[in-house]
Amino acid sequence: MTGDPLDSLRRLCLALPEVSERLSHGEPTWFVRGKKTFVMYADRHHDDKVAFWCPAPPGAQEELVGAEPERFFRPPYVGHRGWLGVRLDVDVDWAEIEGIVTDAYCLVAPKSLIAQVPGRT
């Protein structure tokens, strides 16, 4: 994916079952069935980073931030709950981003929707 990172992120999120987008706190945010947030875009929301925030599997935040702090960070407000910040203003591996977005979706979506995601049960 190339071009605007928001457009690329939007395509990944909206490709998942029963996902909708609306503004939350002034930024594009994606929801499962209009209720559960799984990705929040952050266009220099609290700093100079273009990024997104999402829930991450247990331990993933610490592992990724520790290994690559130039790409991953602990976001404000939700970081203490294990959410991950992912920078989009650096060299981006969109296949990796797709995996992170899908993992975030699967952490909040009901099992019936997760079963519709290729490779997930």
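**Figure 1. Salt bridge between Glu-21 and Arg-10****.** In this predicted model, Glu-21 forms a salt bridge with Arg-10, and their closest N and O atoms are 2.7 Å apart. Glu-21 belongs to strand E1 (residues 19-24) and Arg-10 to helix H1, so the pair ties together parts that are 11 residues apart in sequence. A salt bridge is a side-chain nitrogen of Lys or Arg within 4 Å of a carboxyl oxygen of Asp or Glu. The count by this rule comes to six salt bridges. Helices (H or I, at least four residues) and strands (E, at least two) are DSSP runs, numbered from the N terminus. Residues are numbered from 1 along each chain as its sequence is written, and side-chain values use heavy atoms, with hydrogens and water left out. Because the model is predicted, local features need pLDDT of at least 70 and side-chain atom pairs count only at pLDDT 80 or more, while totals for chains, interfaces and linings use all residues.

**Figure 2. The E1-E2 hairpin****.** Six bridges join E1 to strand E2 (residues 27-32), and the two run antiparallel. Val-19 has Val-32 as its bridge partner in E2, and Ser-20 stands opposite Phe-31 in E2. Two residues lie between the strands of this hairpin, and His-25 in the turn has a positive phi of about 55 degrees.

**Figure 3. The open sheet of six strands****.** The strand order is E1-E2-E3-E4-E6-E5, with antiparallel pairing; two strands pair if DSSP finds at least two bridges between them. E1 and E5 are the edge strands, each pairing on one side only. Strand E4 (residues 50-54) is joined to strand E6 (residues 84-87) by four bridges, and Trp-53 has Gly-85 as its bridge partner in E6. Two bridges join strand E5 (residues 72-73) to E6, again antiparallel; here Phe-72 has Val-86 as its partner in E6.

**Figure 4. Packing of helix H1 on helix H3****.** H1 (residues 5-14) and H3 (residues 94-108) pack at an angle of about 45 degrees, with their axes 10 Å apart. That makes H1 oblique to H3, the class left after angles under 35 degrees (roughly parallel), over 145 (roughly antiparallel) and 65 to 115 (roughly perpendicular). Axes are lines fitted to C-alpha atoms, for helices over the stretch in contact, and angles run from 0 to 180 degrees between N-to-C directions. Pro-5, Ser-8, Leu-9, Leu-12 and Cys-13 in H1 meet Trp-94, Ile-97, Glu-98 and Val-101 in H3, contact meaning heavy atoms within 4.5 Å.

**Figure 5. Helix H3 on the sheet****.** H3 lies across E1, E2, strand E3 (36-43), E4, E5 and E6. Relative to E3, H3 runs at about 140 degrees.
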